[in-house]
Structure formats: C-alpha cells, structure tokens
Amino acid sequence: MAGNREFFNRRLHSLLGVIPIGVFLIQHLVVNHFATGGEESFNKAAGFMEHLPFRIILETFIIFIPILFHAIYGLYIAFTAKNNASRFGFFRNWMFLLQRVTGVITLIFIVWHVWQTRVQAAFGAEVNFQMMENILSNPFMLWFYIICVVSAIFHFANGLWSFCVSWGITISPRSQLISTYVTMGIFVALSIVGIRAIFAFV
Ligand code: HEM
C-alpha cells in the first residue's frame, strides 16, 4: 500500500515537472524575451499575461500548487537519494546529482524572485520593465539571475531526459543517447533565450 502511494507520488512529481511547470517555464522565458524588443514590447507582453481572465485561479492551480508539490516532494527525493557521483564518475551519475543540486538552486530562486516581484506588487510596486532594470543594475543580482535561470533551465531539460525514461518513452540505450542530445539541445536553446532576455534589461 505504502509502495503504491510512493509510486503514485513519484509519477505525479514527474508529470508536474513537465506539465504544467515546464510549460510555464517556457512561457515565462518567451514573455521575458520580448524585452529584447524594448521596454514597450516587454510591458505589452507582460501586461497581456497579467490581464488574463481568472488569473488568480489559473496561477493557483497551474503554477502555485504544482510547484509547491514538486518542490516539497523534490526536496524529499533530493535529500533521501543516494548521490553516488563521487564513487562512479559516469556522465549519468553526474547528471543525477546536478538534477538535485539545480532543483535546490531553483527553489531558492523561485522564493526570492516571487518575493522581489509578486510580493512587492502586493505592497504597491509595479512589475514592469523598469522594475527588472533596477534589480539587474546590481552586478550581484545580475549574476544571481544568470546562474539561477540557467540552473532552472538545466533542471527542466535534464528532467525531460529522466521523464522520458520514467514514462517508458526511451527504453533502449540508443534512444536514451539520442534523448541526451535532444535534451541538451533544448538546454542550450532555452539558455540563449533566457540570457538574452536578462541582458535586454541591462
Ligand atoms: C522551474 C521549476 C521546475 C521545473 C520546470 C522542474 C522540472 C522537473 C522535471 C521535468 C523533472 C523530471 C521528472 C522525472 O524524472 O520524471 C524534475 C525532477 C526533479 N525535480 Fe524538478 N522542476 C522544477 C523545480 C524543482 C524544485 C524547486 C525542486 C526542489 C528541490 C525540484 C526537485 C526535483 C528533483 C529532486 C527531481 C528528480 C526526481 C527523480 O529523479 O526522481 N524541482 N523536475
């Protein structure tokens, strides 16, 4: 019975990492990328998202609750897993360890980023191009954002690789090798989108 519950939780954790959290991550990166078109372009894209009907309900059920479950269960997995990368120097063991490390970095970043934007908005600040420009004018914050955004993207891309294994999509060693190239391609492409967006505010 306990085994069944564990299996269900693992599957739910895995699924939520892709749908809806991964989809949300891509959507967020695309909206941010509008900053490369200038202040007006970004504010228009961000404003569109902000004025979606039923925004609070959408945010709660598509973003907040899934991330909360994935993060809490992710912490449990990260701190109970056997990180054997130091014993076995194989590529996949390192990816396994990096998946956990980037999960923890992503969690710290999400809490900070929500505090710096959403919570400040509740106190009356306006979340727009100028807000991000102010935040990223601090060199420490600029590096913090670059490292954390790349970290979150790595976590998602490498997570897609293990997602495909977990759900039986890539079973043979060959398909898993192809999947490594595809997911690392996704990592590089999304990182370019994320870093270009950050530098558009600087
Ligand atoms: C941007 C937010 C996030 C996205 C898009 C995301 C996405 C994913 C994906 C797609 C997977 C692969 C699922 C699988 O192996 O089947 C995964 C796994 C994992 N995530 Fe996240 N995640 C996010 C945030 C977090 C956070 C905040 C934590 C907290 C520490 C976390 C911890 C983990 C762990 C430990 C795994 C490995 C699970 C395993 O190997 O069984 N993730 N994530």
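Colleague: In which loop is Pro 20 found?

Modeller: Pro 20 is found in the loop between helix 1 and helix 2. Helices here are DSSP runs (H or I, at least four residues; strands are E, at least two), numbered from the N terminus. Please note that this is a predicted model, in which local features need pLDDT of at least 70 and side-chain atom pairs count only at pLDDT 80 or more, while totals for chains, interfaces and linings use all residues. Residues are numbered from 1 along each chain as its sequence is written, and side-chain values use heavy atoms, with hydrogens and water left out.

Colleague: What kind of peptide bond joins Ile 19 and Pro 20?

Modeller: Most peptide bonds are trans, and most residues other than glycine have a negative phi. Ile 19 and Pro 20 are joined by a cis peptide bond, with omega about 10 degrees. As for phi, Phe 54 has a positive value of about 55 degrees although it is not a glycine. Phe 54 is found in the loop between helix 3 (39-50) and helix 4.

Colleague: Is Phe 54 buried or exposed?

Modeller: Buried means under 20% relative accessible area, exposed over 50%, and partly exposed in between, with a 1.4 Å probe and protein chains only. Phe 54 is exposed, since its relative accessible area is 64%.

Colleague: Let us turn to the metal. Which protein donors does the iron atom of the ligand have?

Modeller: Donors are N, O and S atoms within 2.8 Å of the metal (3.2 Å for Na, K and Ca); water is not among the atoms, so sites may look incomplete. Here the protein donors are His 70 (NE2) and His 155 (NE2), lying 2.0 Å from the iron atom. The pair links distant parts of the chain, with His 70 in helix 4 and His 155 in helix 7, 85 residues apart. His 70 counts as buried because its relative accessibility is 17%, and His 155 likewise counts as buried at 19%.

Colleague: What is the geometry of the iron site?

Modeller: Ideal angles at a metal are 109.5 degrees for four tetrahedral donors, and 90 or 180 degrees for six octahedral ones. Six donors count as octahedral if opposite donors are over 155 degrees apart and all others between 65 and 115. The iron site has six donor atoms with angles of 87 to 180 degrees among them and is octahedral.

Colleague: How do the residues of the shell around the ligand divide?

Modeller: The shell divides into eight nonpolar, 13 polar and two charged residues. In this scheme Ala, Val, Leu, Ile, Met, Phe, Trp, Tyr, Cys and Pro count as nonpolar, Asp, Glu, Lys and Arg as charged, and the others, Gly among them, as polar.

Colleague: Finally, which residues does Thr 106 touch?

Modeller: Contact means heavy atoms within 4.5 Å. Thr 106 touches Ser 151, Ala 152 and His 155, not counting residues up to four places away in sequence. Thr 106 lies in helix 5 and counts as buried, at 13% relative accessibility. Ser 151, in helix 7, is buried too, with a relative accessible area of 7%.

Technical notes:
Tetrahedral: all angles 85-135°; square planar, octahedral: opposite > 155°, others 65-115°.
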